[in-house]
Each structure stands twice: as structure tokens, then as C-alpha cells.
Amino acid sequence: MIEPQAKEMTGVELLTTIAATRKFVAAARQQGKSIGLVPTMGYLHEGHLTLARTAREQDDVVMMSIFVNPTQFGPGEDLERYPRDLERDRKLAAGAGVDAIFAPAVAEMYPPGYATYVQVEGLTEVLCGASRPGHFRGVATVVSKLLNIVQPDRAYFGLKDYQQAVVIKRLVRDLNFPVDIITVPTVREPDGLAMSSRNKYLAPDQRRSALALYRALNLGAELIRSGERRAAVVREAMAGEILARPGTRIDYVAVNDAETLAPLEEIKGRVLLALAVWVGNTRLIDNLTLEVKDDVAHHDEKQAAPGNCHRG
């Protein structure tokens, strides 16, 4: 049964079933409107809202999904305590120009007997994939479902999750989804901390320690710009910057190829500096990319993942 499409107060349609979402999309298509999708797990921050505003500039209808996807969380991770506040999110989404939110229950996306998953090989065994087995299988599966349900013209992803963006681009290419994947640079707090829903977990002293991630990335970039081409030296310097802060524990510090995500020994071409760090009990990630060309390093201001717009 299709539920009433609530718009009270916020002016944003709230859709909780696949059937209602497809009906909403079909009505927009009948009017010849283009559709942009912003997939999120909710508890919106400025990074999400930047994605929505970018979609607003490019699409006639902006849809946002809010779904804390259980298949991308491993045992002992923060699935149960992940922050949720749908009414807050609806108000913020409305202010960013979102027309409709698809916020399904877990049973709507994964009904009893669900048994089909999507695996992207080659890009998911390193970085976050190495320390979170099964994570990207969950990401690839839920994104495939969302793209199939909404069938948008464009879908928008932030580059704070750089590996995720690369994986999704490969997914779209390999499975021939007719959608353009648009990536948007990381949105940061004034002091440089990458915006994340998980920042809510940080106590004031942990929040200060979390600044080590961005400082470590900038240190690594400065070493490369100064001529350092040994990836091991850059990794060691970045790790030292992180561990100098109290309450930090390194998951990984990486200097990798920005296209293939393979670890580098010699720094050249498009380079990804990436970190995953525990600050207290909170795992944070961050990254930046540089272009090393003719032995000169340049910061990649657009921070675009490979193939910024790709229609499968």
C-alpha cells in the first residue's frame, strides 16, 4: 500500500516505500523533469547539504535518500548508535532545496529471504576495505538498489569517502547504470576537520585531537611538494603527526595511486593521501589528492575522483 506523501511543515515529500518512490519519480518523468539523487545515511551536515545544493543547480527534481544501511556495518561497529533524527533532517533538506526524501525501513530494502549482493573487485580490498571486510559489498548493494529504485539522471557523492566514490563509479560503469555520478569536494569545518555525522561522538578533547588528520594530510602534501618521492617517508611523517595527539590510534595511513587505489612506493602521477584514525572510540577518515607531474606536485583543488561524470 502506498502511504500518503507527507509534506506538512517542511514542504518535502516523505516517501517510505519503494512503490511510493517510483510513483513520485514517474510523475516527475511524465512532466519531462530531470532527477538528481543524494544518497545519505542521515543526520545531515553541511557536506550533505552541499551535495543537495549542487543537485538543485543541475536537476529539476532533487531526491535524497536517508537510510542507515545495515549491510555496510560490520560486527561491533556503530550501527545501533549511529545518529538518527529524521525530522531534523527534513528541515535541513528543505532548506537545501530537496523535493523528496526516500526514508525506507530496513525491511523495505532487505525483506525476509533477501539474498542478493553486489561485489566490486579490485578496488575494495585496500584502505577501508581491508579493515572493514564486507563494507563495500554493503555499499555497492545499497547504491545499486537506490539507483534502480529512483533511476536518477545524476547521483551525488562527497569525496571525503574517496574510495567509496571510486567504487561507485566502477559499479556504474561495469553494470551499465544510465546515471552520471557527480563528486563534490570534501566540506570542512573552519579548522579543517572534515564534516562527518560521526563528529557528534567526539568529546571536546577528542575534537581537538581529531585535527591531527587534516594536519597529517597537509604535512604529507608539503613533503611531496618539497620533493619527497618516497611513499614510506611520507607515511611515517603523517603517522607521527597523528600519534603526537592524545587518544589517537591509526587504522591506516596510505599513499596510494588515486586511480587504482594501489599502494605506492615511488610517488608519481595522481596521488591519494588517505587516513583512517580512531579518536577515542570514533573512527574518522579523511584524504586529499595531489598531481605529481614533471616532478612538481600540485594540490588537486577539485579533488575529483576518476571520471567525474560517467554515464554507464
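1. Strand E7, which spans residues 248–257, has 7 of its 10 residues buried, so it is largely enclosed by the rest of the structure. Here buried means under 20% relative accessible area, exposed means over 50%, and partly exposed lies in between, with a 1.4 Å probe and protein chains only. Helices (H or I, at least four residues) and strands (E, at least two) are DSSP runs, numbered from the N terminus. This is a predicted model, in which local features need pLDDT of at least 70 and side-chain atom pairs count only at pLDDT 80 or more, while totals for chains, interfaces and linings use all residues. Residues are numbered from 1 along each chain as its sequence is written, and side-chain values use heavy atoms, with hydrogens and water left out.

2. The partner of E7 is strand E8 (residues 269–279), and the two run antiparallel, joined by 9 bridges; two strands are said to pair if DSSP finds at least two bridges between them. Within this pairing, Arg249 has Trp278 of E8 as its bridge partner.

3. E8 also pairs with E9 in the antiparallel sense, over 11 bridges, and the bridge partner of Leu273 in E9 is Leu288. Strand E9 (residues 282–293) is mostly covered, since 10 of its 12 residues are buried. The hairpin of E8 and E9 has 2 residues between the strands, and in it Gly280 takes a positive phi near 65°. As background to these strands, side chains in a regular strand alternate between the two faces of the sheet.

4. Gln151, which is not a glycine, has a positive phi of about 50°, and it lies in the loop between helix H6 (135–150) and strand E5 (154–158). Asn176 has a positive phi near 60° and is placed in the loop between helix H7 (162–174) and strand E6 (180–184). With a relative accessibility of 54%, Asn176 counts as exposed.

5. Leu49 belongs to helix H2 (residues 46–58) and is buried, with a relative accessible area of 9%. When its neighbours within four places in sequence are left aside, Leu49 is in contact with Leu44, Leu92, Ala93 and Ala96, where contact means heavy atoms within 4.5 Å. Between Leu49 and Glu291 there are 242 residues of sequence separation and 28 Å in space, C-alpha to C-alpha.

6. Glu13 lies in strand E1 (residues 13–15) and, at 13% relative accessibility, counts as buried. Glu13 and Leu86 are 73 residues apart in sequence, and their C-alpha atoms are 13 Å apart in space.

7. For the protein chain as a whole, there are 10 helices and 10 strands, and 55% of the 312 residues count as buried. The radius of gyration is 20 Å, which agrees with the value near 20 Å for a compact globule of 312 residues; it is taken over C-alpha atoms, and the globule rule is 2.2 Å times the number of residues to the power 0.38. Taken along the principal axes, the C-alpha atoms fill a box of roughly 60 × 40 × 40 Å. Among contacts between residues at least 6 apart in sequence, 72% join residues at least 24 apart.
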